[in-house]
Each structure stands twice: as structure tokens, then as C-alpha cells.
Amino acid sequence: MNKLKYVIKNLFLTIISLISIFPFYWMITGVTNESKDITMGKLTFGTSLFKNVKNAFGHAELWRAFLNSAMLAIVIVVLSLLVCSIAGYAFVIFPSKGKNILFFVIIASMMIPFAAKIIPMFRMFSGLKLLNNYLAIILPAIGSPFLIFFFKQNTHSYPVETIQAARVDGLNEFQIFINIYEPMMKSTYAAAGIFAFMASWNNYMWPLIALQDNSKFTLPLVVSSLAAEFTPDYGMIMVGILLSTIPVVIVFFVLQKSFVEGMVGSVK
Amino acid sequence: MIKKKRYALNGWSMVLAASVLVLVFSYIPMIWAFILSLQTGKGANLAFSGFANYERLLKDTAFWTAIGNTLLYALIHIPIMLIMALIVAVLLNDSKLKLRGFYRTCIFLPCVTSLVSYSILFKNIFGIDGIVNQVLLKCNAIDQAMPFLLDDKWAKLVIIVALIWRYSGYYMIFYLSALQNIDKSVYEAAEVDGCSFFQSFFKITVPLLKPIVYLTSIMALNSTLQLFDEVVNLTNGGPGNATRTISQYIYDLSFNYVPSYGYSAAVSYVVLVLVVILTVIQERITGEKNE
């Protein structure tokens, strides 16, 4: 009876796993096939890999979009981790009535749908002459209510004694944050880093509005516009899709262990 | 006294940057959007007109279709997805399971795809000549290829399937992390007392996971009400208006049609109110005793 249960359990999980990874198989075989074969649902590997890659990097300039996206993601991850972690830390370590209200106001802003902000933000940045400038993408992405919440949540389990000990040793509050807190919270930073990276890497609606020059486009914009062409070249598109998936897979696998630890800390 | 002041100063200076950024990029646009929603006119030529935009809303069928679609996606996809995520998490939270790390990675993997990318993959997979149709034809389940993305109901279903595929693993990780925080001895004690698997699931697991179920349902609701990337790239709102979401409608009103900023601001305000109301309702239902 128990054995049967075990088999059913594994069977169920295997089916779910297969469904989960099928589209990955699809994109990997896709890069090696002709556009026509991809639309016809060809499931085996083909011979058009080099042609597709050549087209993608030549004709569509996917390479530039990839570098643009990567550059933006790195800047946004570094800045937002810095700004949000110190805020999340201070909300726990220096509690006060005013800060509780401020924290509530910040969290409540998560309810504002992005679409509700696009017109004022568009006019704000066009007034500042910053449309088509990467600052328009970077600035709104730094202060993330979710990351502030995430760091605050994780700081609750942080041992406060270490801070008192450091104060006795004469470190100032910023030194304590940088030299004591940050090294101890590596897994929280790793998990938050994954969230920040994915948010920036996937960002679609706002860059679509704020960026106008093809040369400034990010990867999602280019991939999306390739797929919206009248006769889309799916071989080339698959290269773009693979290119937009690989970095996230790498980031995730490198940080996987810390990611799981950081997540466990946040739902305590 | 001086020390206390310096202490307070330190605290505030640390939250300053993040708070200013959040306030500038969420509350200022929100107030601005409200002012815009009271104005009418084309492009930048705007004049105050009271609640004219809100009156126009009531008669706008495209608006009601978009609202209806968005709510339909939320209503169908969120419960299925969260229950799936919970079941998978409970199954994976078993140290006797040999391939548990492998399953976990596979099931989480969809979350690493970019939203635009997986939407295009699904568009391709569910195309007229796509692999789903090929398989169904081979199995003789259908006589001729199904136009999944060209039919009102099927197109909606494809979007829901895509959403479940993409996000179940994400929420599964939240549940799995929470389950790992539950003391194993609770289950052992229950087993000794003769609790079945289902009894301990409903009597122990579900109540202990309540806060996290609440959190994830809020997150899922919030992201579904803002659905944009998937619909734009999978169906582009079509056929006709059949799959258009409210975010997409706001975008179209502002940037694709003759720009009517005032009216689209009014639409976006309705969404904001909707999000707040639904969040409060959800809190009443799932979060009663959550600190």
C-alpha cells in the first residue's frame, strides 16, 4: 500500500515536472530549426542553429539589446539592494511611531497598479527631458516596496546583540550596517538579488513607453517586436528567447542555496 | 539626550533614500493621475471637466469587457494555481522522496522565463499548426486543427493555462519554505494519535500556512489585476477585445489610440479602487486572525 502511494506520488510529480520543462525543450530544439518547422511543431533537433544565431546577431541586433538589458539589470540590482536593505534594516533596528506609519505607507503603495502610474510617469519624465534615457528606467526601479518589506522581514531574525556589541566597540551605525549586518545576511541579499534581477530583466511595459530609440531597446522589447512582425522568423526569435532565459537560469543556479535559505527566513 | 537624538537621526537617514524614491514614484503619480482624470481633451490640451470621464466609463463597453476579462483570469487562475502549488509543496516536503531536489528544480524552472519569452512560446505551441494541435490530431481527439488563439473562449483558456504554468512553481517555493519551518514533531505526534494524511493536512498544515496563503493570494491577485505582458504577446488582446486586460486597455488609451490621458487616468483610478476593495475583501476572508 505504501509502495503504491510512493509510485503514484512520483508519477504525479514526474508528469508535472515534464509539463514544466517541456517549453524549455521546445526553445532548445527551436534554435536549431527553420522558422517553418517550428510553426509546424517539429520536436526534433534540426541543422539551422548557425543560420539562426547569425541572423539574430546580425539582422536583429539582439546582441545590443542583450547588453542593454544586462547593464540595466546590474545597475538596478546593486542600487536597489543597497537602498532597500538599509531601509528594511532601520525599520527594525530603529523603531519609532513615525517609521511605522512610513512603513505602512510604503507597503500600501504596492497596491497601486503600475498601469495607474504610466501617464503621470510618462509626463514626469518627458518634462525632465529624460525620456529615452536609462535614468527613466533606473530611478523608479530602485525603491522597491517589496524589497524593503523582504529585508525588514528577514531582519526580525537578526541577532540584535551583535549590534550592541559593535556599538560598545565604537563603530558608528553605518559601519555596523556595512561591516556586521551585511556579511551576516548574505542569503537574504542573494534572494533579494534574484527578485530584483528578475524584475529588471523582465521589465516590459515601462521600457516600452519610456524608450524610443531602437538602439536603446532592451531584450524583451526586441524579442516582442520580432514576434509581432508580419512573417516572424521563429528560428531567430528562439535565439532571443534562449538569450533572455539563460542569464536568469545561471543567476538562479548560482544563488539557489542562498535563495532557499533567504526565502525560509522571510516566511518565518 | 544628544545620544538619543543622534540615534533617531541615524534611523531616519537610513530610510530616507528608499522612502523618497517610493513616494516620488508611486504617490505623486497617483495624485497626478487623479487630477488628470478630472480633465478631458486630446494629447496635452486638457481642460477641467469634473467627472465627465467617469460618466463616459459607465457607457464604455470596451472598458467593461477588459474589467470582466481581468476578473475572470483572477477568479479562475488564482485558486487553481495556489491549490496546485500547495499540493506540490506538501508532496515535496517529504525527506523520504528521493528525487525531491530534481522535482523542485523542474517545477520552479518556469519562473525563470521572461514574461515576453514564455508568452511567445505559448503562442507558438498553441498555434494552428502548433505542437498541441499536432498531438491532438495524431491521437484523433479532434478532426481538424483547433484555432485556439482565434476563438474567444479558447484564447482566454490558453492565457490561463500559460499563467498557471508560469507561476505555480513560484508560489510553491513560498509554501515549501513555510512548510520547512513547521516542526516535524507535530506531524509525528499526529501520526501516533492515528491521524490520516488528509486529516493532518487539513488540521495542521492548512491552519499553520494561513498567513502565507494570505500573502500569496494577495500577491497573485495583485499581479493578475496588472496582467499586461502575457496578453500583449500571446493574443494582443484579440480576437477583437476578447482577451484584453485592463492594463492593456489603459496602455492602448494612452499610447496606441488618439491619446486621451484624462480618460485613461480615470480608467486607471477605477483599477486602483478595485485593487483596494478586493484586497480588503480578501483580508476578511483569509486573514482574520493574522496579527
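Predicted model: local features only at pLDDT ≥ 70, side-chain atom pairs only at ≥ 80, totals over all residues.

Where in chain A does A:Asn132 have its place?

Guide: A:Asn132 sits in the loop between helix H6 (118-127) and helix H7 (135-142) of chain A. Helices here are DSSP runs of H or I with at least four residues, strands are E runs of at least two, and both are numbered from the N terminus.

Some ground rules come next. Residues are numbered from 1 along each chain as its sequence is written, while chains are lettered from A and ligands numbered from 1 in the order in which they are written.

Look at the backbone of A:Asn132. Its phi is positive, at about 65 degrees, although the residue is not a glycine. Most residues other than glycine have a negative phi. A:Asn132 counts as partly exposed because it has 14 C-beta neighbours inside 10 Å. The cut-offs are 20 or more other C-beta atoms within 10 Å for buried, 12 or fewer for exposed, and partly exposed in between, with C-beta atoms placed from the backbone.

B:Asn236 has 14 C-beta neighbours inside 10 Å, so it counts as partly exposed.

Now the rest of chain A. It has 14 helices and zero strands. Its 268 residues are 45% buried. The C-alpha atoms fill a box of roughly 70 × 70 × 35 Å along the principal axes.

Move on to helix H8 (residues 145-155) of chain A. Eight of its 11 residues are buried, so H8(A) is largely enclosed by the rest of the structure. The buried set is A:Pro145, A:Leu147, A:Ile148, A:Phe150, A:Phe151, A:Lys152, A:Asn154 and A:Thr155.

What packs on H8(A)? Helix H4 (residues 62-93) of chain A does, at an angle of about 45 degrees, with the axes 7 Å apart. That angle makes H4(A) oblique to H8(A). Axes are lines fitted to C-alpha atoms, for helices over the stretch in contact, and angles run from 0 to 180 degrees between N-to-C directions. Under 35 degrees is roughly parallel, over 145 roughly antiparallel, 65 to 115 roughly perpendicular, and the rest oblique. H4(A) contributes A:Ser80, A:Cys84, A:Ser85, A:Ala87, A:Gly88, A:Tyr89, A:Phe91 and A:Val92 to the contact. H8(A) contributes A:Leu147, A:Ile148, A:Phe150, A:Phe151, A:Lys152 and A:Thr155. By class, these residues are nine nonpolar, four polar and one charged. Nonpolar means Ala, Val, Leu, Ile, Met, Phe, Trp, Tyr, Cys and Pro; charged means Asp, Glu, Lys and Arg; the others, Gly among them, are polar.

A:Leu171 lies between helix H9 (161-168) and helix H10 (173-184) of chain A. It is partly exposed, with 16 other C-beta atoms within 10 Å. Neighbours within four places in sequence aside, A:Leu171 is in contact with A:Ala166, A:Ile176 and A:Asn179.

Last, the partner chain. The contact takes 68 residues from chain A and 71 from chain B. On the side of chain B, helix H1 (residues 2-37) gives the most, with 19 residues. That side has 46 nonpolar, 23 polar and two charged residues.

How confident is the predictor? It gives the complex an ipTM of 0.86 and a pTM of 0.87. The mean pLDDT is 88 for chain A and 85 for chain B.

Definitions and conventions:
Contact = placed C-beta atoms within 7 Å. pLDDT = per-residue confidence, 0-100.
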